[in-house]
Amino acid sequence: MRFQRPDIFRPPSEWRSYFLPLTRGCSNNTCTFCNYYGVRLQIRELDDVKREIDALAAYIGNGIRLPNVPQIVYAIGRSWDGKRVFLQDGDALVYPFPKLREALHYLNEKLPNLERIGTYATPQDILRRNQDQLRELKELKLSIFYTGIESGDDKVLQHVAKGVKRQELIEAGKKVKEAGITLSVTVILGLGGVEGSKQHALETARVLNEIDPHYAGALTLTLVPGTPLYEEWKKGEFRAVSPFRSLEELKTIIANSSFTDCFFSSMHASNYLSIRGRLPQDKQRMLKEIGAVLATRDSSLLRPEFLRGL
Ligand code: SF4
């Protein structure tokens, strides 16, 4: 089957990157809340990846357009500064290791000004790699992993079919840091529903503390039509938390945090309130900001539903 280029779905901090697809979909397509649910994984041929790198290098270096190259290469390449590449798609770390190594070598050879390469990485992908492999990837400038933790509560992880337990999340997170790779994780407010809200927030704080990531981002659950969790919600089997309840969870996570040095944010478009800061030093200021909104219960202080994004 011909490789279909995926839509661009990236972490906010990768906005300046060139988006290079190695895969389409996600190898762990079981998570019942995710828009990758059920999407079949496609692995791109290495030769095809190399052709795109050749085209990009020729365009960046000399303005040359090679034949039979998708227009998007030039559309992204036109305003690209040559420094960062983000590997698509949902978990490009699943790309077979020898091919991944070769693709990274090729990127470095053809685009010598590259400073950083990033990828989404599932905990399962990370656990499949040994420490030497991770270090080798780091040497080849694959130096930031974005990993969805979602929740620290085993009950929630099982309910949403994440495919890993909290202990594996911790193990995967620590492994990345030991390899010298920057770790950016996300958690999802509201994923435990109304009944599991308190435990979800407390256990998520505990897992985050144990991993002690460089970056942590909170997202807020958005129920996506077509996913099993959406169906559960429609049938009344899953009760979604209110916007203010999601802020209570955010407050609990920050209040219970004991990070060494972590940039924490809820700037993602899915959230009802955007805050950010470095923990531990900004903890009181961040709690005050959330507390002030919670005290008013004024909906006009929240991001309106129609402006929320995935
Ligand atoms: S592992 Fe991540 S990208 Fe893949 S289905 Fe689960 S939440 Fe979605």
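Here are some notes on this predicted model, point by point.

1. Ground rules. The model is predicted, so local features need pLDDT of at least 70 and side-chain atom pairs count only at pLDDT 80 or more, while totals for chains, interfaces and linings use all residues. Residues are numbered from 1 along each chain as its sequence is written, and side-chain values use heavy atoms, with hydrogens and water left out.

2. Lysine 283. This one sits in helix 11 (residues 283–296); helices (H or I, at least four residues) and strands (E, at least two) are DSSP runs, numbered from the N terminus. Lysine 283 is buried but has no salt bridge. Buried means under 20% relative accessible area, exposed over 50%, and partly exposed in between (1.4 Å probe, protein chains only). A salt bridge needs a side-chain nitrogen of Lys or Arg within 4 Å of a carboxyl oxygen of Asp or Glu. The nearest side chain of opposite charge, aspartate 212, is 11 Å away (Lys and Arg count as positive, Asp and Glu as negative; His and the chain ends are not counted). What the lysine 283 side chain does reach is the backbone oxygen of alanine 255, at 3.2 Å.

3. Aspartate 212. That residue lies in the loop between helix 8 (193–211) and strand 8 (215–220). Its phi is near 55°, positive although aspartate 212 is not a glycine. Aspartate 212 is buried, with a relative accessible area of 14%.

4. Arginine 297. Here too phi is positive, about 55°. Arginine 297 comes in the segment after helix 11 and is partly exposed, at 43% relative accessible area.

5. Cis peptide bonds. The bond from leucine 279 to proline 280 is cis, with omega near 15°; proline 280 is in the loop between strand 10 (276–279) and helix 11. The bond from glutamine 88 to aspartate 89 is cis as well, with omega near 20°. Most residues other than glycine have a negative phi, and most peptide bonds are trans.

6. Helix 5 (residues 131–139). Its buried residues are Gln131, Gln133, Leu134 and Leu137. They span an arc of only 165° around the axis, so they lie on the same side of helix 5; the arc is taken from the directions from the helix axis to the C-beta atoms. Exposed Asp132 and Glu139 are on the face turned away from the buried side. Just after helix 5, lysine 141 has a positive phi of about 75°.

Conventions. Polar contact = N/O pair within 3.5 Å; in protein donor to acceptor, adjacent residues only side chain to side chain.
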